[in-house]
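User: I would like to go through this model in short questions and answers. Please keep each reply brisk and close on the value or name I ask for.

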Amino acid sequence: MAEYDVIVIGAGPGGYVAAIRCAQLGLRTACVEGRETLGGTCLNVGCIPSKALLHASHQLHEAQHNFAAMGLNADSPTVDWAKMLSYKDDVIGQNTKGIEFLFKKNKIDWLKGWATIPEAGKVSVDGETYGAKNIIIASGSVPASVPGADVTVDEKTVVTSTGALELSEIPKKMIVIGAGVIGLEMGSVYARLGAEVEVIEYLDAITPGMDAEVQRALQKLLTRQGLKFTMGAAVSKVDVADGKASVTYKLRKDDSDHTSDADVVLVATGRKPLTDGLGLETLGVELTDRGQIKTDTHWQTTVKGIYAIGDAIIGPMLAHKAEDEGMACAEVIAGKHGHVNYGVIPGVIYTWPEVASVGKTEADLKDEGRAYKVGKFSFMGNGRAKAVFAGDGFVKILVDKETDRILGCHIIGPSAGDLIHEVCVTMEYGGSAEDLALTCHAHPTFSEAVREAALACGDGAIHA
């Protein structure tokens, strides 16, 4: 029986990063993965392919709406859907092969198959048993169903995010159930490609947990781009006949029943931990009521020597959160001090414009009874943004009223997912809005809007 210091179960962002960090720290490491390629949901059917389609469809949108104003002739651009899917697949291949190269470089054994844990210190993969002083569960998550509704996913007419990346053709109409990150991103892709897109959401606001002002601005901008929103609607069932779907829902405000028809229905009501088949109940590994694995502050489960990270445990289901936990967990196992600052984990939505946030929202601070100030700056005051037709949106920075320490930041605008990180770094070091305001930012860049918002926390922005 082969023996390892660490066996990682799952080769998604959390798992493969944990495996690489373990190997870097001198631990004999193996990683179990049943897919034909490494990278997990993110690289194969999630973050990476969706961003490829978002990028491609955004180029089409630019050609249709902005090229002429810049003196570029692109009359009636067309979409070769098969070629676009091929481009997306090429992007996936480049990334997954890159992880395979990193495994070989770091001498990590890829145990191909699906894992069970028959007992602490052992992992079974397709009938072969391996010894492990430590086990890290990084099994990820799968799409969740629509709560209380009769919905059968066939990945053709009624699809999850996985099926939405492989449609045989661009639908004339798509209904998206759920106005979270996945629903809005994929809805944006197909709206740009010419589909009529209706988003049906149970709550009264999109992107639950986001800053309320950002929620309103994003919904307004997406509506302008052609997405239709039906809010406060509880879906009860989805019927499929002759390759078409009919969605039945009830409006919560008046209990009225409605139906809406579409060629494709995307179920985007979130994700749930994937722990089935690991044998956790027999081992005595405790789970939460939501099926998440319980861990302590060092990512160890209720069974000694078994750890868990990423989507399988409590916290936001984000690839970069899993990566941070993977590195930190590896360091703990190696006898070092692993650390994750959960207060400074950014979230990003890759619509156009992008949305990014970190730290507290105004609602959070009001609930805490904390005195705060708001510094805000519109991208309409940013020269670079106006030059590239990206003046929609704003930067909002929240600071402690007494100390000026940054408590949160919310951005809707161009490159928001990149801009948020200078705020993250400032927060990691306990910095203030003044620290950002006193830092020279290159001109002309989108990042100047962040500095202006920081200035607005003090005497005022210059270009507002």
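User: Is asparagine 382 buried or exposed?
Analyst: This is a predicted model, where local features need pLDDT of at least 70, side-chain atom pairs count only at pLDDT 80 or more, and totals for chains, interfaces and linings use all residues. Residues are numbered from 1 along each chain as its sequence is written, and side-chain values use heavy atoms, with hydrogens and water left out. Buried means under 20% relative accessible area, exposed over 50%, and partly exposed in between (1.4 Å probe, protein chains only). Asparagine 382 has a relative accessible area of 2%, so the residue is buried.

User: Which backbone atom lies 2.8 Å from a polar atom of the asparagine 382 side chain?
Analyst: Asparagine 382 sits in the loop between β20 and α11. Helices (H or I, at least four residues) and strands (E, at least two) are DSSP runs, numbered from the N terminus. A polar contact is a pair of N or O atoms within 3.5 Å; within protein, one must be able to donate a hydrogen and the other to accept it, and residues adjacent in sequence count only if both atoms are side-chain atoms. The atom asked for is the backbone nitrogen of alanine 385.

User: Which residues is asparagine 382 in contact with, leaving aside neighbours within four places in sequence?
Analyst: Contact means heavy atoms within 4.5 Å. With the sequence neighbours set aside, the partners of asparagine 382 are Phe377, Thr445, Phe446, Glu448 and Ala449.

User: What are the buried residues of helix α14, and what do they pack against?
Analyst: Helix α14 covers residues 448-456. Its buried residues are Glu448, Ala449, Val450, Glu452, Ala453 and Ala454. They pack against β20 (372-378), β21 (394-400), β22 (406-413), α12 (416-428) and α13 (433-437).

User: Which backbone oxygen does the side chain of lysine 386 reach?
Analyst: Lysine 386 is in helix α11 (residues 383-387). At 47% relative accessibility, lysine 386 counts as partly exposed. Leaving aside neighbours within four places in sequence, its contacts are Phe379 and Met380. At 3.3 Å, the side chain of lysine 386 reaches the backbone oxygen of methionine 380.

User: How far apart in space are alanine 416 and tyrosine 4?
Analyst: Alanine 416 is in helix α12 and is buried, with a relative accessible area of 0%. Not counting residues up to four places away in sequence, alanine 416 touches Glu354, Val355, Ala356 and Ile411. Alanine 416 and tyrosine 4 are 412 residues apart in sequence, and their C-alpha atoms are separated in space by 42 Å.

User: Why is the pair of tyrosine 4 and tyrosine 130 called tilted?
Analyst: Rings of Phe, Tyr and Trp (its six-membered ring) pair if their centres lie within 6.5 Å; planes under 30 degrees apart count as stacked, over 60 as edge-to-face and the rest as tilted. The whole structure holds 2 aromatic pairs. Tyrosine 4 and tyrosine 130 have ring centres 6.4 Å apart and planes at 55 degrees, so the pair is tilted.

User: Where in the chain do tyrosine 4 and tyrosine 130 lie?
Analyst: Tyrosine 4 is buried at 4% relative accessibility, and tyrosine 130 is buried at 16%. The pair links distant parts of the chain, 126 residues apart: tyrosine 4 is in strand β1 (residues 3-9) and tyrosine 130 in strand β6 (residues 128-137).

User: Which backbone oxygen lies 2.8 Å from a polar atom of the threonine 29 side chain?
Analyst: Threonine 29 lies in strand β2 (residues 29-33). At 2% relative accessibility, threonine 29 counts as buried. Its contacts beyond four places in sequence include Tyr4, Val6 and Lys107. The oxygen asked for belongs to leucine 27.

User: Which helix gives the most to the lining of the second largest pocket?
Analyst: On a 1 Å grid over the protein atoms alone, a cavity is a set of points where a 1.4 Å probe fits but cannot get out, and a pocket is an open set with protein on both sides within 12 Å along at least five of seven lines; lining residues have an atom within 4 Å of a point. The second largest pocket is lined by 15 residues, with His61, Arg224, Trp352, Phe389 and Asp392 nearest its centre. Both α3 (47-65) and α7 (212-224) supply at least two lining residues. With 3 residues, the top contributor is α3.
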